[in-house]
Amino acid sequence: MIFTARPRLTGLVLAAVIFWIDQWLKRMVAGPWGLREIGDHLPLLPFFDLTRTHNYGVSLGMLTANSMEMRWGLVALTALIALVVLVWMLREKVLGEIVPLALVLGGALGNIRDRVRFGYVLDYADFHIGDFRPFLIFNLADAAITIGVVIILARSFLIREKTEQQPAGAPASEN
């Protein structure tokens, strides 16, 4: 029992760490680092700046919350998704399956907290190559969600390919 609970506990701790770091970074951006208004900008590297923006929707500005009803509807929808991810994570037994779900869960909780508190998600990470921006401005929670989803998709494709192949050590079928 303890053996199977350890990966799940690790997942819960990872989700909590992602949530905490995300919230800490957002507090730093909005406070000591001085990005208090939309568009405030702090150059850090030739290819990375902190630029404050508010995201009232979800990915790529879809489902923008233009009213209080939409805001709370979006909170409910994302909370439902986070709950599904939590249940999924608690049903898994393998750490390789739990870690990406924990990334998604921690990121989702960070963005849900912003939306509940402010009505928007605070974004700040601004990668660019000169004036070219390959990504929208995002935050740590968005990055964790994206990385988690990419890992889940990659694992699902790799696992399917493995099941289609003959298991190692299995006798070859004779045709």
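This is a predicted model: local features need pLDDT of at least 70, side-chain atom pairs count only at pLDDT 80 or more; totals for chains, interfaces and linings use all residues.

Mentor: Residues are numbered from 1 along each chain as its sequence is written, and side-chain values use heavy atoms, with hydrogens and water left out.

Trainee: Which residues form the largest nonpolar core?
Mentor: In soluble globular proteins, nonpolar side chains tend to be buried together. A core here is a set of buried Ala, Val, Leu, Ile, Met, Phe, Trp, Tyr and Cys residues joined through side-chain atoms within 4.5 Å; buried is under 20% relative accessible area, exposed over 50%, partly exposed in between (1.4 Å probe, protein chains only). The largest has twelve residues, among them Ala15, Val85 and Ile112. Helix α3 (95-118) gives the most, seven residues.

Trainee: Is Thr78 buried or exposed?
Mentor: Thr78 counts as buried because its relative accessibility is 18%. It sits in helix α2 (residues 68-91); helices are DSSP runs of H or I, at least four residues, numbered from the N terminus. Beyond its neighbours within four places in sequence, Thr78 is in contact (heavy atoms within 4.5 Å) with Val58 and Ile112.

Trainee: And where is Leu9?
Mentor: Leu9 is in helix α1 and is exposed, because its relative accessible area is 53%.

Methods
Helices (H or I, at least four residues) and strands (E, at least two) are DSSP runs, numbered from the N terminus.
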